[in-house]
Amino acid sequence: MTLFDFAVVGGCHHGLETALGRITPGTKLALVREAANPYDADAVAVHLDGLKLGFIPREANSPVARLLDR
């Protein structure tokens, strides 16, 4: 069952390109809430081993942000 389906955005400004070779189906990624983000109060970053890859798109981040806030 899929709850969310989205592409990571902003990867060209973060570490997505350098991590692509390490990401395979089943790779665990961390979702990190960035409530103090000056561009989006619902920002949720996607991390791999502490490296920020990018963000969940603004159009999809609100429900994920609410879940992480709980």
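Student: Leaving aside its neighbours within four places in sequence, which residues is L68 in contact with?
Tutor: Happy to start there, and keep in mind that this is a predicted model. L68 is found in helix α2. Once neighbours within four places in sequence are set aside, the contacts of L68 are L31, R33 and V44.

Student: Does L68 count as buried, partly exposed or exposed, and why?
Tutor: Buried would need a relative accessible area under 20%, and exposed would need one over 50%. L68 has 37% relative accessibility, so the label that applies is partly exposed.

Student: How far apart in space are L68 and V32, C-alpha to C-alpha?
Tutor: In sequence, L68 and V32 are 36 residues apart. In space, the C-alpha to C-alpha distance between L68 and V32 is 8.1 Å.

Student: Is H47 buried or exposed?
Tutor: H47 lies in strand β2. Its relative accessible area is 14%, and the limit for buried is under 20%. Therefore H47 is buried.

Student: Which residues is H47 in contact with, leaving aside its neighbours within four places in sequence?
Tutor: Here K52 and L53 are on the list.

Student: Which element gives the largest share of the largest nonpolar core?
Tutor: That core has nine residues: L16, A19, V44, V46, L48, L53, I56, V64 and A65. Two or more of them come from each of α1 (16-19), β2 (44-48) and α2 (58-69). The largest share is three residues, and the element supplying it is β2.

Student: A65 belongs to that core; what is A65 in contact with, beyond its neighbours within four places in sequence?
Tutor: V44, itself a member of the core, is one of the contacts of A65. With the other two included, the answer is R33, D42 and V44.

Student: What pattern does the protein follow along the sequence?
Tutor: There are two helices and three strands to arrange. Read along the sequence, they give α-β-β-β-α.

Student: Why is the protein described as being as compact as a globular protein of its length?
Tutor: For 70 residues, the globule rule gives 11 Å.

Student: How much of the protein counts as buried?
Tutor: The count is taken over the 70 residues of the protein. The share that counts as buried is 31%.

Terms used
Residues numbered from 1 in each chain as written. Predicted model: local features only at pLDDT ≥ 70, side-chain atom pairs only at ≥ 80, totals over all residues. Heavy atoms only, no water. Helix = DSSP H or I, 4+ residues; strand = E, 2+ residues; numbered from the N terminus. Rg over C-alpha atoms; globule rule 2.2 N^0.38 Å. Buried < 20%, exposed > 50% of the residue type's maximum accessible area, 1.4 Å probe, protein only. Core = buried A, V, L, I, M, F, W, Y, C linked by side-chain atoms within 4.5 Å. Contact = heavy atoms within 4.5 Å.
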